[in-house]
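These are my notebook entries on one protein chain, written as I looked things up.

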Amino acid sequence: MKNKSTSEFDASVQALADARYNHHFAWLGQQVTEQGLSFRVWAPGAKQIDVICAQTGRRITRLTQSHPSGFFEKTLGNRRRPIDYRLSFDGGDPVGDAYAYGDLLDPTAQYFYAEGQQIDAYRWLGAQHHEYGGVSGVRFTVWAPNAQRVAVIGDFNGWDASRHGLKHYPDAGIWAIFIPDAEPGQAYKFHVMGADGVVREKADPYARQMERSPATASLVPVNTNFQWTDAQWMKERGAQHTPSSAISIYECQLASWMRDYDNHYLSYEELAERLISHAKALGFTHIQLMPVSEYPFDGSWGYQPVGLYAPTSRFGLLDDFKAFVNRCHEAGLGVLLDWVPGHFPSDPHGLAEFDGTALYEHADPRRGFHPDWNTYIYNYGRNEVRSFLLSNADFWLSECHIDGLRVDAVASMLYLDYSRAAGEWIPNEHGGRENLEAVAFLQALNSLMYANHPGIMMIAEESTAWPGVSHPVDQGGLGFGYKWNMGWMNDTLRYISKDPIHRAYHHDDMTFSMVYARDENFILSISHDECVHGKGSLLNKMPGDDWQKRANLRAYWAYMWAHPGKKLLFMGMEFGQYREWNHDHGLDWYLLERAEHRQLMDYVARLNQLYTQYPALYEADQDAEGFCWLQAHNKDQSILAWVRSAPNAQQVIVVCNYTPTVVHDYRVGAPSMGQPQVLLNSDDASFGGSDVKPNPRFEPMPWDGCEQSICLTLPPLATVWLVVR
């Protein structure tokens, strides 16, 4: 008190009480003054505070309550050097003083974070368990460079914003405090007085656990040491992720894949028990999860995340999610994760205007706000935002052993005029529409992730003709490993949904993809986007009666699995769900009580079995020799034929008949001599077909540029795979 006049003292205490004071570490705690060693504690509600020697456990002094609102202090005139002390409140056990720990942060970490080069910021920002001077607790750290004041509020301080004001590290714009009595599982938020003077209560951007929606607080993480048992998988996975690998992906949303009897979510443990066995039985090589980063609104399906570092609490804790991934790896399944670095929602507890300024987003809405989704767009040119996003990608790959990231909505990141009319966007420095900062970010992302995580897959959902999406960065590409083939998906679904009588006029929809099939490393994706928003289910896109719908679907899938490119199918399609996907309910598993739906699922399993068994169907996806048209122009009969090849592998001949007519004595060229055998007939009775037998036979008649040919019967609405032995 002697260092302040009475009026200054009263004003300072009032500012403390009003959560406006911003010099906690210069005034509170232990301070060496001209008068001696001073102790000052702000503790509203306390009656008695003793200073205890940390070494002996003995009381050094009892503080005097110098202000009735809860300010205690005492100056020891005979002491001039700081001591290691604890505080005892109202006779309780001694605890550490949050204001006794001033230098909490590594200057090197701050530097690389501010340079936009950090990929492990999650290891020091947010809520971290620490021990200082033998005292265990939690250090809270947040980036808010323009804030006037930052405090942390939570279960550990009665949500009182006056109790724990953070120390400001102005060079990096970081605020931090160590709270000895914070415990795992306690809820907290940052109380941020912004540059505009407005107070906002924000969730921790780096929180690894959050409350269950509709609650919005972050949670102090449980400090465990999860034991991974997937070392062999992690060592060998790279061999399964190359362009010459067989990759077949089952896309699912954990919230709606399956619910229990009263429509409650399954836990990560329950999902591991049921989902893994289902995907394995169907022969998929990977599971791709729609976003699991914590999201407040179920209807966003996870694509508007607020807790980018927190696996959603809908299904369990972080370690539960890790256990799910571990179980997948033990079963031989890769795990891919939908990742959303393109935008973030405007929820008040999220990143928007975090410190009273456009911090994570662009200030100009022509660059910082997405008109379609009412979301904010990250400022990729800001170094700390780059560190935030790069670190998040690394978090999922390092901490959770994810095998790859499917980056959502890449096109919206690449183009400044994405979904904007003239005058609604700002050109780049060269006058163009390309978002050069986003391009640089994506190139850095892919370069760093591939360098630090051998064997992963980086996948772009990119819907335009942007060149070199899956080309190396040093060749001018974006550096992704794979790109979703959205053009193929749109063309072929448009074709297969038409009545067969009209297909002759749209024949090119099924052949055009081979014009550019080797421009990128493609994944043929029939994703969740094709069975929502009134588009209906995949089965109901098919024309005709119920039998014809399934026949069309089987023929289409056999075309897809034999087409160059990796495969992706959304959940529920495998057994022919009739209704459109609804995120509020599980899939219609009761349909499997019917034989025709079980047969569809058996058919998908057979496709995956043959796909992985015959290297000609995948090894040479990117090679000119891997695919050769036999018949690409028979639009009058809606028939296609081609051959798949790979070095030292048996060739597979594919013939598609997209009419409901049985075609007898149909001839296709045979690249090699020998007896043809049916590898797959989508019309087989075991799959629910009419069981028309192809009965192929070899003939020495030149055809389709080959010296010999095969004559066979084409079943209706069917695709046939042949091998020559």
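Which residues lie nearest the centre of the second largest cavity, and how many residues line that cavity? I found that 15 residues line the second largest cavity, and that Ser 537, Met 571, Gly 572, Met 573 and Gln 577 lie nearest its centre.

Before going further I noted that this is a predicted model, in which local features need pLDDT of at least 70 and side-chain atom pairs count only at pLDDT 80 or more, while totals for chains, interfaces and linings use all residues. I also noted that residues are numbered from 1 along each chain as its sequence is written, and that side-chain values use heavy atoms, with hydrogens and water left out.

**Entry: the chain as a whole**

I looked up the secondary structure and found 15 helices and 35 strands; helices (H or I, at least four residues) and strands (E, at least two) are DSSP runs, numbered from the N terminus. The C-alpha atoms fill a box of roughly 110 × 55 × 45 Å, taken along the principal axes. Of the 725 residues in the chain, 60% are buried, where buried means under 20% relative accessible area, exposed over 50%, and partly exposed in between, with a 1.4 Å probe and protein chains only. I then looked at contacts (heavy atoms within 4.5 Å), and among those between residues at least 6 apart in sequence, 71% join residues at least 24 apart.

**Entry: cavities**

I wrote down first what I was looking for: on a 1 Å grid over the protein atoms alone, a cavity is a set of points where a 1.4 Å probe fits but cannot get out, whereas a pocket is an open set with protein on both sides within 12 Å along at least five of seven lines, and lining residues have an atom within 4 Å of a point. A volume is the space filled by probe spheres set on the points, which are joined across faces, edges and corners.

The structure holds eight cavities of 30 Å³ or more. The largest cavity contains about 130 Å³ of space, and of the 15 residues that line it, Ile 377, Ser 412, Tyr 415, Leu 416 and Arg 420 are the closest to its centre. Helix 8 (365-368) and helix 10 are the elements that give two or more residues to this lining.

The second largest cavity, with which I began, contains about 90 Å³. Its lining has nine nonpolar, four polar and two charged residues, if Ala, Val, Leu, Ile, Met, Phe, Trp, Tyr, Cys and Pro count as nonpolar, Asp, Glu, Lys and Arg as charged, and the others, Gly among them, as polar.

I found a volume of about 630 Å³ for the largest pocket. Of its 25 lining residues, Trp 373, Asp 408, Glu 461, His 528 and Asp 529 are the closest to its centre, and helix 10 (410-414) and helix 12 (486-496) are the elements that give two or more residues to the lining. By class, this lining has ten nonpolar, nine polar and six charged residues.

The second largest pocket has a volume of about 360 Å³, and its lining divides into five nonpolar, five polar and five charged residues. Strand 8 (126-132) and helix 7 (318-330) each supply at least two of the lining residues.

**Entry: the nonpolar core**

A nonpolar core is a set of buried Ala, Val, Leu, Ile, Met, Phe, Trp, Tyr and Cys residues joined through side-chain atoms within 4.5 Å. The largest one has 200 residues, of which Phe 140, Trp 557 and Trp 721 touch the most other members. Helix 14 (residues 546-562) gives the largest share of this core, nine residues. A second, separate core of 17 residues includes Tyr 666, Val 668, Ala 670 and Cys 706.

**Entry: cysteines**

How many disulfides does the structure hold? I found zero, a disulfide being a pair of cysteine sulfur atoms within 2.5 Å. The sulfur of Cys 628 is 7.0 Å from the closest cysteine sulfur, in Cys 706, and is therefore too far for a bond. Cys 628 counts as partly exposed, at 41% relative accessibility, whereas Cys 706 is buried at 13%.

**Entry: Val 51**

Last, I looked up Val 51, which sits in strand 3 (residues 49-53) and is buried, with a relative accessible area of 0%. Val 51 and Phe 39 are twelve residues apart in sequence and 8.3 Å apart in space, C-alpha to C-alpha. Not counting residues up to four places away in sequence, the residues that Val 51 touches include Phe 39, Ile 60, Leu 63 and Tyr 85.
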